[in-house]
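Hi everyone, thanks for coming. Please take a look at the structure on the screen, and then I'll walk you through one of its chains.

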Amino acid sequence: MNIICNFPAISIMLCLFAGIFSSGMKGKSARWLNTVLLIVVLVLNAVTTGYCAQNGSFVYVMGKFPAPWGNELRAGSLEGLMATFFCVIMILSLWGGVHKLFGEVDIEKHHLYYVLMGLLLSSLLALIYTNDLFTAYVFIEINTIAACGLIMIRQNGRTIEAAVRYMVMSLIGSAMVLFGICIVYDITGHLLMSNIKDRIAAMMVGGTYPVPLLIAIALLSVGLAIKSALFPFHAWLPDAYGYSTVSSAAVLSSLVSKGYIFLLIKIIYRVIGFDIFAYSEIIDVLFIFGLAGMIFGSVNAIRENDVRRMIAYSSVAQIGYIYMGIGMGTEFGMIAAIFHILTHAATKSLLFVSAMGLTDVSGEKRQFIYLTGAGYRYVVAGVAFAVGSLSMVGVPLFAGFISKLLFAEAAVSLPRKMLPVLIVLGISTILNAIYFMKTVIRIYTPYTGKEYPVKHFKDAKIYSIVLILFIIVNVLLGVYSDPVVELIRRGIEMFA
Amino acid sequence: MSRRKTDEEYSRTKTYKFFRWLSGVKDPYIDSLELQPQEEKKESEEVILEHLHDEELALEKVYDVSHNRFVNVFERVYKLVAALFCVLMLVGLLMCVSFLPENGSADTVRSNVVVDRYIENGLEETGAVNIVSGMILTYRAFDTFGETNVLFIATCCVMIMLMMDEKLLEKAEKQNDRRFEPKDDVILRLVASFLCPIIFIFAIYIMLNGHLSPGGGFSGGAVLGAGMILYVNAFGFKKTQRFFNEQIYKVAKITALCMYGLIGSYFYITGANGIANHIPLGIPGHILSSGIILPINVAVGLEVACTMYAFYALFRRGGL
């Protein structure tokens, strides 16, 4: 066995160790430990991606007992790509909000923040790489608790309320996933994904247990949809993203919800079987809620007067896009959805981090009226916010354009779902443009009133470099999208 | 009457105290174990009425409850929809259960190769007489490591929420009504001084015998944690901190998790790459047997005990 095959397991264990050691350290050393280990994990995952792109997927047995007795990991080019990308966004988000952490979080609790970050990344990697449903559930638990901690580490009334709401909603989702896994185990007798898929294929031929299978699919998809804030279950989202400290908001919006969506995609392909899922009624439910989310998320964002909450509501709309792509029920739709996961992860964290810079030069106030002219007062943050907005609206050259193009292309080949997709895509783009362009125009309107501080590149070097890196990631995704789409396509082929 | 001891010495002996109690001169529970009454908060009826009135006014002002039809309708519809949703969910799941394979019959899909190998080859492959331990700590060791980390991160979150500075702690202890709680409870102390050693020894027995008999790290750790909670209740935090303070907690937690992590990593990597690992399985039934299960059980037990005690201490006092 090639040594590269060990890398997914090693990266998960490294992240867990990062969390464990951080709990006994001071904040600063914990931060550096986490950064170094994150870079190591990033390199390991990038190498894994390259290896998988050349040699195809592989299965890694955790221990000496092969499946279906022991635990297994599975890596393909799609998993590798996701893991690498998540590590990049994690490092950038962590460093983008690091100076804000000092004002908002008790200095004695900084090391706990890095514990949460380390364990969160390990659980995300495990959700990506796992080949076993129960392992997925265990790491969903870690992910949920870590996300709660990230919300409430900034201790004020609103974040604690938001954390409680997140906890309640998220636990309902977890319970549904657990029920789903129980039912699947009951009718198939396995927990390992590939064995379940064989059994389900045999069951479909034999025609046994159709009702439990349908209910299990429904519970798994709705449970994961609640956890990733699909439209009617999004009530916890604006508070959680709007009031937590900025690194947390960036990580929660761009990684935590995406981890669950990726797990759902993996379950669709590796557990249920794509064709069975595409013919079940659940896919239409996801499709319709996705469409509704695209409209209502944007409408709520337009009504919002707080820039952070506006970006949070925009997440609801973007999650709607992803579920719409999954709900199309074709391979092209799925490719578009996965590409949009990358786009949204890169752009939303950029928006959160840059909006923080803009509010910093506006007297810590987040209402639009105070943001007038903020783009001139903090040039880097203003440019970054503009880039993020343009990308979310879908202007060519940036990542958002490619994902919208892919969605439209995927819709054209569908007879039944083409019209709704194209219409809602059009409406949603206009709504996106309304609230994002409104903000961009607002921050570039000259302001002659009370003097606010002006910040330059040299005032916050790390922050500015992080923003520039974010912009580069966005433009790279927008310009060199072909190799990424090709990787995603090959990864989906490897799933089967 | 001739006494060897002087009056002063005699007054310190148990005999003297016993006769003093017998004759009813002094009740030993006074000053040592008594509930001091809380000062009653005096609120006249007018003040209470005023508060109620204020609350009503505030609600009226903020939500305009009595005139706001939307709020009224929304509340009713919300309750109705919630109830309907629960009923629907209940019906759906119950319907699903009726379609599931019958529990306990021999020919269900669940009794397949997986279960067969666990039962038939479990003893031989893991060296554990207790098949359950063998399964969760050898075949599925990675899941259990994840589960242990769930406990770890749960304590971290409670710490974020409730942990206070030492200075704040002292201040808080003066302010809240915990000082009225009975301290130095003689009965509890006596019982605890009997029970705690037994509980600790029993917990260690459960942990170390996890591969031989029912039990293991999770249950042993829970017993150990319960023993420590009993100890802290009987003797107070000051005495407990002599052997279990924040530093020791950190060291114990990190050692336990690292031990599990390192053993686990070694096991995964050697197993996956087909390298022979050097952990002997031993003779089944002996205390030193079954490879990685024994050290992992100890590690898990330590982590669970730390978690239980930390939860209790954080909720009760806001610090370890």
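**A walk through chain B**

Let's begin with burial: in this predicted model, buried residues make up 26% of the 320 residues in chain B. Buried here means that 20 or more other C-beta atoms, placed from the backbone, lie within 10 Å of the residue's own.

A word on conventions. Residues are numbered from 1 along each chain as its sequence is written, and chains are lettered from A and ligands numbered from 1 in the order in which they are written. Because the model is predicted, local features need pLDDT of at least 70 and side-chain atom pairs count only at pLDDT 80 or more, while totals for chains, interfaces and linings use all residues.

Now the fold. Chain B has twelve helices and zero strands; helices are DSSP runs of H or I with at least four residues, strands are runs of E with at least two, and both are numbered from the N terminus. The radius of gyration of chain B, taken over C-alpha atoms, is 30 Å, well over the 20 Å from the globule rule (2.2 Å times the number of residues to the power 0.38), so chain B is more spread out than a compact globule. Its C-alpha trace spans about 85 × 75 × 40 Å along the principal axes.

How does chain B meet chain A? The contact takes 40 residues from chain B and 47 residues from chain A, where contact means C-beta atoms, placed from the backbone, within 7 Å. On chain B's side, the largest share, 14 residues, comes from α7(B).

Definitions and conventions. Two residues are in contact if their C-beta atoms, placed from the backbone, lie within 7 Å. A residue is buried if 20 or more other C-beta atoms lie within 10 Å of its own, exposed if 12 or fewer, and partly exposed in between; C-beta atoms are placed from the backbone.
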